[in-house]
Amino acid sequence: MVGAPNAGKSTLVNRLAGSKVSIVSPKPQTTRFRIRAVVMQDRTQIVLTDTPGIFAPRRRLDRAMVAAAWEGAQDADVALLIVDARAGMTEAVESIISVLKRSKVPIWLVLNKSDLIDTKRLLPLTATLNEQLSFEETFMISAEKGDGLDRLMTALAVRLPYGPWLFPEDELSDLPERMLAAEIVREQILRQTHEEVPHHATVETEQWQERRDGSVRIDCTIYVGRATQKAILIGDGGSKVKEIGRRARAELEKLLERRVHLFLNVKERQGWDEERARLRAIGLDDAG
């Protein structure tokens, strides 16, 4: 799945998977690396690859995110271009289409959030997009409500090539639990902080300790680029980081189905988003 930031890719993946695989927030560029969700459609195993939103990169982090998105598209049997129907044909979508024109992968158009606009606008938008690129298939869906998803999944099951399953039937995602914990903490940072903080913070799981009672202790470090960002994240008397930890812990206990002891540490690390080691730690290859 490829598209501009906030097109609804992660919401769609989670909805199809029936479980939280990718974190979501109202802020753009929430997804930073490729995440694969495993979905069964009758006897067909469909592996959905959620990718970062494609935008004009500036930092090394940005370049690595965009590279991950394009690699995900090229490695697929089918590429789905997810377009926010409300936003329509934006410069970002036009730029993505210009690159997809050179792709040898079959490309389907998926108009998301189609329930939020007048149906009279959908057909002209579809025509405009198909003038730019001849899509093999076109779907109008609502990832939030689930509209049109059965038709999309049935079509994917028919279109995908025959072959052995790539994952065990009961596996939901290829995301390691340590990275899941870091992502859930980062989701709360995105939801509870504003301005420059969310996109200048990264989270790494430093320790994962299994306990005899079946619970787990998880120690995560939050890196930010400036002292002011660190102060905002910690909050008055540690109130902000405590609330981030409380909500993240509750989410992790639901996902892991056991008790979680979560400890957060906030560190200032100027230029972390240009460090190769930090990018590798969050699942990204260095794009130069």
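The following legends describe close-up views of a predicted model.

**View 1. The largest pocket of the predicted model and its lining.** The volume of this pocket is about 770 Å³. Its lining comprises 31 residues, and those nearest the centre are Gln45, Ile46, Val47, Asp77 and Leu160. Four elements each contribute at least two lining residues: strands β3 (44-50) and β4 (79-84), together with helices α2 (60-74) and α5 (149-159). Of the secondary-structure contributions, that of β3 is the largest share, at 6 residues. By class, the lining of the largest pocket contains 20 nonpolar, 6 polar and 5 charged residues.

**View 2. The second largest pocket.** The space in this pocket amounts to about 610 Å³. It is lined by 30 residues, with Gly8, Thr11, Val24, Lys113 and Glu144 closest to the centre. Helix α1 (residues 9-17) provides the largest share of this lining, namely 5 residues. The lining of the second largest pocket is made up of 13 polar, 9 charged and 8 nonpolar residues.

**View 3. The aromatic pair of tryptophan 108 and phenylalanine 139.** The model contains 1 aromatic pair. The ring centres of tryptophan 108 and phenylalanine 139 are 5.3 Å apart and the ring planes stand at 35 degrees, so the arrangement is classed as tilted. Tryptophan 108 belongs to strand β5 (residues 107-112) and phenylalanine 139 to strand β6 (residues 137-140); the pair thus links distant parts of the chain, 31 residues apart. Tryptophan 108 is buried, its relative accessible area being 1%. Phenylalanine 139 is likewise buried, with a relative accessible area of 1%.

**View 4. Arginine side chains over aromatic rings.** The charged end of arginine 217 is placed over the ring of phenylalanine 263, at 4.0 Å from the ring centre. Arginine 278 lies over the face of tyrosine 223, and here the distance to the ring centre is 5.1 Å.

**View 5. Salt bridges around lysine 20.** A salt bridge joins lysine 20 to glutamate 187, with 2.7 Å between the closest N and O atoms. This pair connects distant parts of the chain, 167 residues apart: glutamate 187 is in helix α6 (residues 177-192), whereas lysine 20 is in the loop between α1 and β2 (35-41). Glutamate 187 is buried at a relative accessible area of 1%, while lysine 20 is partly exposed at 24%. Lysine 20 also forms a salt bridge with glutamate 251, where the closest N and O atoms are 3.4 Å apart. Glutamate 251 is located in helix α8 (residues 239-256) and lysine 20 in the loop between α1 and β2, so this contact ties together parts that are 231 residues apart in sequence. Because its relative accessibility is 15%, under the 20% limit, glutamate 251 counts as buried. Lys20, Glu187 and Glu251 are linked with Arg191 and Lys254 in a network of salt bridges.

**View 6. The salt bridge between glutamate 210 and arginine 258.** The structure as a whole holds 19 salt bridges, one of which joins the side chains of glutamate 210 and arginine 258 at 2.6 Å, N to O. Glutamate 210 lies in strand β7 (residues 201-210) and arginine 258 in the loop between α8 and β9 (260-268), so the bridge ties together parts that are 48 residues apart in sequence. Glutamate 210 is partly exposed, with a relative accessibility of 47%. Arginine 258 is also partly exposed, with a relative accessible area of 22%.

Definitions and conventions: Residues numbered from 1 in each chain as written. Predicted model: local features only at pLDDT ≥ 70, side-chain atom pairs only at ≥ 80, totals over all residues. Heavy atoms only, no water. 1 Å grid on protein atoms, 1.4 Å probe; cavity = no way out; pocket = protein on both sides within 12 Å on 5 of 7 lines; lining within 4 Å. Points joined across faces, edges and corners; volume = space filled by probe spheres on them. Nonpolar A, V, L, I, M, F, W, Y, C, P; charged D, E, K, R; others polar. Phe/Tyr/Trp six-rings, centres within 6.5 Å; stacked < 30°, edge-to-face > 60°. Buried < 20%, exposed > 50% of the residue type's maximum accessible area, 1.4 Å probe, protein only. Lys NZ or Arg CZ within 6 Å of the ring centre and 35° of its normal. Salt bridge = Lys/Arg side-chain N within 4 Å of Asp/Glu carboxyl O.
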